[in-house]
Amino acid sequence: VVTPPPAAAAPPVVARALLAVDPPVAQADPSLGRAAALTVIQREVAGCTACKLAQRRTQTVFARGNPEARLVFIGEGPGEQEDKQGLPFVGPAGQLLDKIIVAMSLSPDAVYVCNVVKCRPPGNRTPEPDEVAACTPFLLRQLGVVRPEVIVTLGRTATGFLLGSNAPMSRLRGQWHAYQGIPLLPTWHPSYLLREPAHKGETWSDMKLVMQRLGLTPPGARG
């Protein structure tokens with residue numbers, strides 16, 4: 001008999017319930033361009049003290065990339081290097097993510113990269129339910145501005161929040177889901193791939209699905 005995990009082991013879904021059931025993607029002010037609308041949100045994030053993560057941060061970590069990107073990658077939260085530099089995915093995991101993006105025939109500047117929480121959790125721990133609940137309204141507003149064609153969630157926290165699921169990544173990755181009508185594909189977080197490189201092939205299979213959805217030509221398939 002498999003004993004289900006305690007409620008504390010599933011912060012994304014709990015936090016999502018604190019917000020609302022299946023919250024809609026917030027719509028941006030139509031009078032603003034996408035870059036300007038994101039700047040407004042970024043300023044709000046910089047001044048946010050809604051949860052305890054604000055007490056220990058060096059700075060907030062909002063996003064990087066193209067405000068008009070067709071593809072958005074969403075991770076869990078900033079690490080040490082991200083906290084220092086103020087940009088997401090700039091440490092070893094970010095370097096691996098950029099390699100994956102380039103292998104997809106894209107530039108890292110052509111996609112949009114952000115996280116569920118905008119402040120570093122102590123010791124890079126998983127964000128707690130109240131932290132996710134406090135920060136994810138910003139994420140939903142970011143998605144409402146960028147309006148991507150495809151979302152890729154990196155790891156369990158982002159996947160669990162957007163899908164409202166406690167299912168393990170091994171069951172969710174490699175299959176198309178949807179968030180508010182936007183095709184969503186979960187895959188392994190790059191930091192997990194650094195610890196478990198045997199799963200890199202699975203992530204590349206996932207990215208080939210994304211490339212197919214976006215009409216990108218896989219490397220080696222060009223005539």
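Is Arg70 buried, exposed or partly exposed? At 36% relative accessibility, Arg70 counts as partly exposed. With that residue as a starting point, let us walk through this predicted model.

## Arg70 and its partner

Arg70 forms a salt bridge with Glu149, and the closest N and O atoms are 2.9 Å apart. This pair links distant parts of the chain: Arg70 sits in the loop between strand 1 and strand 2, Glu149 sits in the loop between helix 5 and strand 4, and 79 residues separate them. Glu149 is partly exposed, with a relative accessible area of 40%.

## Strand 2

Next comes strand 2, which covers residues 71–75. Five of its five residues are buried, so strand 2 is largely enclosed by the rest of the structure. Leu71, Phe73 and Gly75 point one way from the strand, while Val72 and Ile74 point the other way.

Strand 2 has parallel pairings with two strands. With strand 4 (residues 150–154), the pairing runs over four bridges, and Phe73 stands opposite Val152 there. With strand 3 (residues 112–115), the pairing also runs over four bridges, and Cys114 is the bridge partner of Ile74.

## Helix 5

Helix 5 spans residues 129–146, and its 18 residues reach 25 Å from the first C-alpha to the last, close to the expected 26 Å. Along the way there is a kink of about 35° at Cys135, shortly before the proline Pro137. Of the 18 residues, 14 are buried, so helix 5 is largely enclosed by the rest of the structure. After the helix comes Arg147, whose phi is positive, near 50°.

The structure holds 10 salt bridges.

| Glu131 | Lys52 | 3.1 Å |

The side chains of Glu131 and Lys52 meet in a salt bridge. Glu131 lies in helix 5 and Lys52 in the loop between helix 2 (34–46) and strand 1 (63–65), so the pair ties together parts that are 79 residues apart in sequence.

How accessible are these residues? Glu131 is at 0% relative accessibility and therefore counts as buried. Lys52, at 34%, counts as partly exposed, and Arg125, at 24%, counts as partly exposed too. Salt bridges that share partners join Lys52, Arg125, Glu128, Asp130 and Glu131 into one network.

Terms used
Residues are numbered from 1 along each chain as its sequence is written. This is a predicted model: local features need pLDDT of at least 70, side-chain atom pairs count only at pLDDT 80 or more; totals for chains, interfaces and linings use all residues. Side-chain values use heavy atoms; hydrogens and water are left out. Buried means under 20% relative accessible area, exposed over 50%, partly exposed in between (1.4 Å probe, protein chains only). Two strands pair if DSSP finds at least two bridges between them. The expected span of a helix is 1.5 Å times one less than its number of residues. The bend at a residue is the angle between axes fitted to the seven residues ending there and the seven starting there. A salt bridge is a side-chain nitrogen of Lys or Arg within 4 Å of a carboxyl oxygen of Asp or Glu.
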